[in-house]
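Okay, thanks for having me. Let me put the structure up, and then we'll walk through a few spots together.

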Number of protein chains: 2
Amino acid sequence: MPRKPEARQKLLAAFEHLVLTEGERAATLDAVAAQAGVSKGGLLYHFPHRQALVDAALARCEELAAEDLSRLTASPRGAAREFLATSVYEDSPLDRSLGVAFRLVQAREPGARETCARVERHWYHAVLEDVGDPVVATAVQAMGDGLYQQASMGLLPESSAEKRQILERLLESLERLAP
Amino acid sequence: MPRKPEARQKLLAAFEHLVLTEGERAATLDAVAAQAGVSKGGLLYHFPHRQALVDAALARCEELAAEDLSRLTASPRGAAREFLATSVYEDSPLDRSLGVAFRLVQAREPGARETCARVERHWYHAVLEDVGDPVVATAVQAMGDGLYQQASMGLLPESSAEKRQILERLLESLERLAP
DNA sequence: TTAACTGTACCGTCTGGACGGTAAAGACTG
DNA sequence: CAGTCTTTACCGTCCAGACGGTACAGTTAA
């Protein structure tokens with residue numbers, strides 16, 4: 001029996017890690033291979049070219065987002081509140097994957113924009129179905145995106161106490177908008 | 001009298017244009033020089049290395065943001081409403097410069113994060129002074145950032161009618177939050 | 001045996017940057 | 001005011017290194 005291709009997942013994780021912490025430019029083939037503890041030849045065995053890494057990262061993002069969507073719609077406190085509450089960057093697999101996707105959009109990687117657009121649309125519809133009001137849904141989506149924007153720029157405070165305060169303020173806003 | 005360095009401004013504009021439309025990776029020295037209609041040597045006369053281009057773009061961003069801040073605080077309808085209303089990407093010099101700064105943050109350019117953090121802080125304080133409530137101020141800032149996030153990912157609709165609708169929804173939310 | 005690698009040696013292209021040259025506008029000097 | 005010097009504002013070329021990608025021979029574990 002062949003060994004399990006565990007290197008493939010390590011490579012993808014290494015790619016995500018490098019994109020998130022060092023920027024897309026730093027995620028070169030050599031860097032990804034080194035980060036994963038895999039030879040360059042091994043990398044190119046699993047991902048015959050760089051685009052394959054990008055595609056895999058985007059596919060994983062859509063996969064995780066789809067899982068998250070069913071979690072949102074099933075939440076007892078409603079999709080809107082659940083969406084906001086989990087929009088604060090917490091380094092979950094989805095957070096990481098989404099952060100990677102956002103950066104790939106900025107790097108003008110083919111397909112990245114479409115992936116993010118689909119994910120956004122699904123979330124918007126889930127929130128809208130929850131609150132019923134397009135005004136509130138638009139506000140919730142903008143706030144969620146704003147949190148990601150701040151997180152992806154490293155503008156959010158480090159301490160979870162301060163992050164919690166920001167989150168509570170946004171949830172309080174939602175409470176006033178959709179009591 | 002020395003000739004006016006009009007090439008310098010053309011080069012900075014070319015750099016911004018390339019970062020915004022093609023991504024930071026595409027804004028190479030050759031590309032910037034070609035876009036500005038200047039030789040590579042000419043570029044390196046004004047900006048001795050690539051970092052100088054980045055620094056100049058960030059300095060311009062802080063400059064424009066400072067101008068905008070006084071505009072916000074002087075607005076008759078209040079800083080919060082004025083902030084939201086001008087957060088929809090309209091390709092103003094500030095919008096462009098800020099978009100460039102955001103992308104430079106994602107590209108992990110030194111100093112970019114600090115520039116954006118300063119600008120955000122100033123805006124937050126201006127909005128807070130207007131509305132008086134940290135809950136509302138945090139919500140307004142998140143919504144503004146969300147708009148920029150969406151714009152920088154090309155997720156906002158093309159037509160100004162649809163953009164206006166989004167903006168009106170956010171302004172309506174603000175009306176409900178701070179009547 | 002075979003899939004899953006490692007390791008090395010390349011290749012063509014692109015990139016940031018170094019460098020030497022040049023044209024013209026002032027400034028200085030006689 | 002003519003001749004020379006200096007500074008400014010560029011141009012064009014060259015280069016070392018990095019990058020994506022290829023090729024292929026060897027190694028390891030199920």
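Let's start here: in which helix of chain B does Ser152(B) lie? Ser152(B) lies in helix H8, helices here being DSSP runs of H or I with at least four residues, numbered from the N terminus.

Quick housekeeping. This is a predicted model, where local features need pLDDT of at least 70 and side-chain atom pairs count only at pLDDT 80 or more, while totals for chains, interfaces and linings use all residues. Residues are numbered from 1 along each chain as written, chains are lettered from A and ligands numbered from 1 in written order, and side-chain values use heavy atoms, with hydrogens and water left out.

Back to Ser152(B). With a relative accessible area of 12%, Ser152(B) is buried (buried is under 20%, exposed over 50%, partly exposed in between, with a 1.4 Å probe and protein chains only). Leaving out residues up to four places away in sequence, Ser152(B) touches Gln106(A) and Arg103(B); contact means heavy atoms within 4.5 Å.

Staying with H8(B), look across to chain A. Helix H9(A), residues 160-177, packs on H8(B), residues 134-152, at about 95° with the axes 9 Å apart. Axes are lines fitted to C-alpha atoms over the stretch in contact, and angles run from 0 to 180 degrees between N-to-C directions. So H9(A) is roughly perpendicular to H8(B), the label for 65 to 115 degrees; under 35 is roughly parallel, over 145 roughly antiparallel, and the rest oblique. Ile166(A), Leu170(A) and Arg176(A) are among the H9(A) residues there, and Val136(B) and Ala139(B) among those of H8(B).

Now within chain B: H4(B), residues 50-74, and H6(B), residues 93-106, come within 9 Å and cross at roughly 135°. That makes this pair oblique. Their contact has 12 nonpolar, one polar and two charged residues. For the classes, Ala, Val, Leu, Ile, Met, Phe, Trp, Tyr, Cys and Pro are nonpolar, Asp, Glu, Lys and Arg charged, and the others, Gly among them, polar.

How many residues does the largest nonpolar core have? The number is 123, and Phe15(B) and Val32(B) are among those with the most contacts inside it. A core here is a set of buried Ala, Val, Leu, Ile, Met, Phe, Trp, Tyr and Cys joined through side-chain atoms within 4.5 Å. Beyond neighbours within four places in sequence, Val32(B) contacts residues including Leu11(B), Phe15(B) and Leu53(B).

Asp91(A) isn't a glycine, yet its phi is positive, near 65°. Asp91(A) sits in the loop between H5 and H6 of chain A.

Conventions:
Helices (H or I, at least four residues) and strands (E, at least two) are DSSP runs, numbered from the N terminus.
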